[in-house]
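Welcome! Please take a look at the sequence and the 3D picture below, and then we can walk through some parts of the fold together.

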Amino acid sequence: MEKKVIYVVSDSVGETAEFVTKAALSQFINENEYDIYRIPYVENTEVLRGAVYHAKQLGAMIGFTLVNKDLRAFLTKEAFEKNVECVDILGPMIEAMERKFNLQPKQEPGLIHKLDEDYFKRVEAIEFAVRYDDGRDPRGVAQADIVLIGVSRTSKTPLSQYLAHKQLKVANVPIVPEVEPPKTLFEIPSYKCIGLRISSEKLNDIRKERLKSLGLDDKAFYANLDRIEAELSFFDQIIQRLNCPVIDVSNKAVEETANSIMNMINQPYWDFHEHQANK
């Protein structure tokens, strides 16, 4: 089948337009059945005229995010005259907000990507999560805002990354019966630790699928139910020693677990600490 072609035009990076375009395309065709050509940092009408020309030649369509009214109007008019399908992704939202809020848009490209304090905090947290993932450096336990603990395949790593985007420094420590957790884990306040519990049946299914995806025998020791029960029993022993909060992730998506954690840590410190001490 001939590939579909879409031009993504923007006066900034073009990430938003490309993301929306891919989301829409996913409803019709697979990723290998289309090509997206991104034209970023557009500043003049000549670039837009060229984009319409090439789209016309290839039988392509255009999706665009332009904050400048004049550029939006020019591209829309040019595409209409050349009979090229053209979709304004951002304009209608800006115009609706202008009417609703009775405010004038700044018409400055890339404002959402400006480097601010929040951006640097997020990058720092992401780097922290990578550096102290899977217990590779126990020094991260003492420096972390949150320490996630759990047996293998309880989504510690994706959770750490997700929470890092919320500007939280997260370390995670795998719980394995043959390995004593780092000493620092028992020295930090218990409310900073969060255990990730999972049912043995669910974990068994997850590990079997993981082994299959690696082309390995799903009856390996890693997915053995007795082994899993031993790991979960050891996990419970560690939780008792830590007296820390626990979230059951058996049937939760990463986003759900992350929201539970955010709600937990947003409680007033003393209320949260007292709740844990009285458990």
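## The sheet

Let's begin with an open sheet of four strands, which are ordered β6-β5-β7-β8 and paired in parallel. The edge places belong to β6 and β8 (246–248), and each of these has a single partner strand, so one side of each is left without a neighbour in the sheet. From one strand to the next, the twist averages 25 degrees. Keep in mind as you read that this is a predicted model.

## A closer look at β5

Strand β5 covers residues 146–150 and pairs in the parallel sense with strand β6 (residues 170–174) over five bridges. In this pairing, G150 stands opposite P174 of β6. β5 also pairs in the parallel sense with strand β7 (residues 193–197), here over three bridges. There, I149 has G195 in β7 as its bridge partner.

How many residues of β5 are buried? Five of its five residues are, which leaves the strand mostly covered. You can follow the side chains too: I146, L148 and G150 point one way from β5, while V147 and I149 point the other way, and all are buried.

## Helices on the sheet

Helix α10 lies across β5, β7 and β8, and runs at about 155 degrees to β8.

## How the two helices meet

Two packed helices are described by the angle between their axes and by the distance between those axes. For α7 (residues 156–164) and α10 (residues 254–265), the angle is about 55 degrees and the axes are 10 Å apart. The two helices are therefore oblique to each other. The crossing in which α7 passes α10 is right-handed.

Which residues make this contact? From α7 come P158, L159, Y162 and L163, and they meet V254, E255, T257, A258, I261 and M262 of α10. Sorted by class, the contact has eight nonpolar residues, one polar and one charged.

## Two buried residues

S200 lies in helix α8 (residues 200–213). Is S200 buried or exposed? Its relative accessibility is 9%, so S200 counts as buried, the cut-off being under 20%. Leaving aside residues up to four places away in sequence, S200 touches L225, I228, E229 and L232.

T65 has its place in strand β3 (residues 61–65). With a relative accessible area of 6%, T65 is buried. Again not counting residues up to four places away in sequence, T65 touches V9, S10, D11, T16, A17, I89 and L90.

## Two residues with positive phi

Let's finish with some backbone angles. Y41 is a residue other than glycine, and its phi has a positive value near 55 degrees. You will find Y41 in the loop between β2 (34–39) and α2 (45–58). Its relative accessible area is 53%, so Y41 counts as exposed, for which the value must be over 50%.

N243 is not a glycine either, yet it has a positive phi of about 55 degrees. Where does N243 lie? Look in the loop between α9 (225–242) and β8. N243 has a relative accessibility of 31%, and therefore counts as partly exposed.

Notes: Residues are numbered from 1 along each chain as its sequence is written. This is a predicted model: local features need pLDDT of at least 70, side-chain atom pairs count only at pLDDT 80 or more; totals for chains, interfaces and linings use all residues. Side-chain values use heavy atoms; hydrogens and water are left out. Axes are lines fitted to C-alpha atoms, for helices over the stretch in contact, and angles run from 0 to 180 degrees between N-to-C directions. Angles under 35 degrees count as roughly parallel, over 145 as roughly antiparallel, 65 to 115 as roughly perpendicular and the rest as oblique. A crossing is left-handed if the near helix is turned anticlockwise from the far one by less than a right angle, and right-handed if clockwise. Contact means heavy atoms within 4.5 Å. Ala, Val, Leu, Ile, Met, Phe, Trp, Tyr, Cys and Pro count as nonpolar, Asp, Glu, Lys and Arg as charged, and the others, Gly among them, as polar. Buried means under 20% relative accessible area, exposed over 50%, partly exposed in between (1.4 Å probe, protein chains only). Two strands pair if DSSP finds at least two bridges between them.
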